[in-house]
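Colleague: I have the sequence and the model open. Could we go through the sheet and then the disulfide?

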Amino acid sequence: QVQLVESGGGLVQAGGSLRLSCATSGRTFSWYAMGWFRQAPGKEREFVSAISRSGGNTYYLDSVKGRFTISRDNAKNTVYLQMNSLKPEDTAVYYCAATWVGTGSQSRSDYEYWGQGTQVTVSS
């Protein structure tokens, strides 16, 4: 199995930036594509971003395109989400996840392993 631990969340003002990290352990990290999801209070968990096994392909929720950047460092077994120009509507618990779908996926059901989440709060 794979263990994932997110970090880097916090409280920022609108327009600010945060960098989330997801450290993994267990099975070989490079076997998995990785994704980020988020869940706001009273809302369903939604896809935010994904990156393929090699890092050559990335995908984003339309509302975060141009503001968020996903990346991975397979040597460090870590995936990142750089979040710039944050908006109050970005407030949520952010989760990283791992999938055997090598290209990455936007579907929750494709992800086998999930982290515990990290809180991101953006004030207006």
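Colleague: What order do the strands of the open sheet have?
Modeller: The four strands of this open sheet follow the order β1-β3-β8-β7, and the pairing is antiparallel. Strands are DSSP runs of E of at least two residues, numbered from the N terminus, and two strands pair if DSSP finds at least two bridges between them. This is a predicted model, in which local features need pLDDT of at least 70, side-chain atom pairs count only at pLDDT 80 or more, and totals for chains, interfaces and linings use all residues. Residues are numbered from 1 along each chain as its sequence is written, and side-chain values use heavy atoms, with hydrogens and water left out.

Colleague: Changing topic, which cysteines form the disulfide?
Modeller: Cys22 and Cys96 form it, with their sulfur atoms 1.9 Å apart; the criterion is a pair of cysteine sulfur atoms within 2.5 Å. Cys22 lies in β3 and Cys96 in β9 (residues 92-99), 74 residues apart, so the pair links distant parts of the chain.

Colleague: Why is the disulfide right-handed?
Modeller: Because the torsion about the S-S bond of Cys22 and Cys96 is about 45 degrees.

Colleague: Is Cys22 buried or exposed?
Modeller: Cys22 is buried, with a relative accessible area of 0%, and Cys96 likewise counts as buried at 0%. Buried means under 20% relative accessible area, exposed over 50%, and partly exposed in between, using a 1.4 Å probe and protein chains only.
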